[in-house]
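Visitor: I'm new to this one. Could you walk me through how to read it?
Guide: Happy to, let's take it feature by feature.

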Amino acid sequence: MPAVASDASRIVDYESATSFLGEWGPFQQRVFFLLCLSFIPNGLTALSMVFLGGTPAHRCMLPAHLNLSAAWRNSSIPLEEDASRGGDLVPSKCFRYKLEHLMNYSETGLLPGVDVNLSNVPKEGCLDGWEFDHSLYTSTIVTKWNLVCDESWKKPFSSSMYFGGILAGSFISGQLSDRFGRKPIMFATIALQVVITLIQIFSSSWIMFVALYFLLGLVQISNYLVAFVLGSELLGPMVRTLFSTAGVCLFFALGYMLLPLLAFFLRDWRLLQVTFMLAGCVCLPLFWFISESPRWLLSQGKVEEAEAIIRNAAKVNKIEPPALIFSPLMDGSKNEKKKAHNICDLLRFPNIRWLSVTMWLIWNTLTIAYYALSLNTANLHGNPFFNCFLSAVVEVPAYGLSWVMFRWCSRRLSLSSALFAGGFFIFITQLIPPHLPALSITFEMMGKFAVSTAFAVIFAYTAELYPTVLRNTAIGASSTASRIGSIVAPYFIYLGTYSVSLPYILIGSLTALTGLISLLLPESFGMPLPETISHMQSFPGCFQKRPYDLTNTKEEENADEDNSLDTKN
């Protein structure tokens with residue numbers, strides 16, 4: 001029998017060999033809810049910079065001992081045009097009139113605007129620091145280290161450093177978990193997340209905060225991606241769809257919704273960090289209730305360990321397991337443990353190479369749109385706490401829709417339609433007149449709804465397209481590529497300083513164009529998860545659809561079965 005056909009039967013055999021467990025027994029319920037619980041801390045912290053780095057209204061500070069009349073003290077700040085308010089004149093945030101001139105005018109009894117033309121008074125920077133409005137925030141990293149005016153670049157740079165950590169974590173987490181296992185890497189990174197957050201609370205400088213923020217992003221994306229793959233491999237086909245779309249994303253959204261609520265009541269960035277640390281601590285005891293992935297164990301040739309986990313699951317579900325569970329898989333699993341796969345395999349052969357490049361482009365655009373819209377909530381009209389909460393709430397029905405689409409609809413069309421709709425709503429947001437802020441926010445939230453739907457679909461879609469031997473590496477690599485988008489997303493927002501319409505035009509156009517490109521992806525609806533590279537579908541998938549590629553090149557077959565007898569035949 002040809003090797004590829006034998007491998008294809010082994011995938012079906014895994015699903016059928018474990019089908020006696022059922023889809024929704026006590027074991028699956030425990031795995032589902034405990035893994036979903038581990039995503040809440042990620043939702044809390046992923047967009048925490050909205051409040052950790054909240055920038056309250058501010059102006060140059062005047063020394064308390066300064067001998068100025070009330071008139072000159074009230075007129076000490078020059079007026080400037082504010083582009084975000086349609087060119088209205090507002091007090092300058094970074095300049096004041098030179099104090100020596102003001103003192104001279106005050107001592108001689110001259111009045112501002114009457115005896116003195118203020119446009120002729122020289123200006124200077126905020127040499128004595130800034131006065132911050134504390135009605136919204138008691139303390140943020142902006143007020144702590146004066147990240148305003150000439151230092152304002154440090155705030156978006158802080159976000160970019162966090163996303164840089166996510167990039168690094170996406171790159172290494174997949175390879176680590178594919179080599180050492182899903183469970184050890186997941187809980188090691190959760191423990192590191194708690195420790196890093198604790199140290200970050202006591203940051204003595206902005207540099208220390210940013211360095212720790214980079215490490216925090218690294219470990220957070222690691223436990224997120226590994227937990228996602230672990231759930232996808234532990235659960236059956238129907239529940240896997242629910243977990244990878246609605247389950248993961250809804251619990252992430254729950255953490256996201258808790259963020260503005262906690263920020264509203266605490267108002268201090270250090271206290272907010274304490275709640276993040278406690279959320280991570282709650283997840284650590286889950287180590288004793290979540291098992292390793294049997295699929296990963298089988299891919300490593302550890303058949304006995306995989307069978308032990310399935311037998312324990314049967315015991316929890318009160319089901320009598322068969323005498324031999326993986327007997328059709330044992331020989332093949334042992335034979336396939338010949339070649340360690342790594343990230344280079346994602347680019348080694350033309351079929352998987354073009355699939356990977358396309359997925360990376362889609363992930364990158366989605367990440368730009370998602371994080372730019374999420375971080376922009378602080379700049380929208382109205383209360384920043386409510387706007388952030390609204391941005392989180394719209395994700396709940398989006399994830400519900402993603403589950404419905406993933407359960408009954410084509411993967412390819414679900415992703416493409418969500419991307420194109422998101423791009424459309426984002427693009428037309430900039431066409432709304434400035435005097436209709438509520439309508440503008442509505443269209444922006446509709447764009448966020450569509451982008452969130454696409455984000456939920458792309459995670460599960462990626463997991464279905466790649467084989468077990470590369471699945472976590474592929475998701476990690478896709479997430480790594482997308483972090484280029486998350487790193488630049490804060491700067492898309494700041495383009496609004498020069499043109500309010502520019503961020504919406506760029507993000508909307510990119511998202512809609514990516515929706516068209518996604519039509520090239522293969523379809524995976526109703527198909528079992530591939531185990532090896534030779535089982536993957538062809539690319540582009542819009543021209544050819546097949547459950548498994550039985551015409552792969554000899555090199556692709558050898559990538560899965562290096563020296564097997566079947567391949568030689």
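Predicted model: local features only at pLDDT ≥ 70, side-chain atom pairs only at ≥ 80, totals over all residues.

Visitor: At what angle do H18 and H20 pack?
Guide: Helices here are DSSP runs (H or I, at least four residues), numbered from the N terminus. Axes are lines fitted to C-alpha atoms over the stretch in contact, and angles run from 0 to 180 degrees between N-to-C directions. Helix H18 (residues 395-408) and helix H20 (residues 437-465) meet at about 40°, with axes 8 Å apart, so H18 and H20 are oblique to each other.

Visitor: Which residues of H18 and H20 make the contact?
Guide: Contact means heavy atoms within 4.5 Å. H18 brings residues including Tyr399, Leu401 and Met405, while H20 brings Phe449, Val457 and Tyr461, among others.

Visitor: Is Gly508 buried or exposed?
Guide: Buried means under 20% relative accessible area, exposed over 50%, and partly exposed in between (1.4 Å probe, protein chains only). Gly508 has a relative accessible area of 1%, so Gly508 is buried. You'll find Gly508 in helix H22 (residues 502-517). Leaving aside neighbours within four places in sequence, Gly508 is in contact with Gly423, Ile426 and Phe427.

Visitor: What is the phi of Asn146, and of Lys318?
Guide: Most residues other than glycine have a negative phi. Asn146, not a glycine, has a positive phi of about 50°, and Lys318, also not a glycine, has one of about 60°. Asn146 sits in the loop between helix H7 (141-145) and helix H8 (154-180) and is partly exposed at 28% relative accessibility. Lys318 lies in the loop between helix H14 (303-316) and helix H15 (327-336), and at 79% relative accessibility Lys318 counts as exposed.

Visitor: Which residues touch the most other members of the largest nonpolar core?
Guide: A nonpolar core is a set of buried Ala, Val, Leu, Ile, Met, Phe, Trp, Tyr and Cys residues joined through side-chain atoms within 4.5 Å. Of the 135 residues in the largest one, Phe51, Met186, Phe209, Tyr370 and Leu415 touch the most other members. Helix H10 (residues 206-234) gives this core its largest share, 17 residues.

Key
Residues numbered from 1 in each chain as written. Heavy atoms only, no water. Helix = DSSP H or I, 4+ residues; strand = E, 2+ residues; numbered from the N terminus. Parallel < 35°, antiparallel > 145°, perpendicular 65-115°, else oblique.
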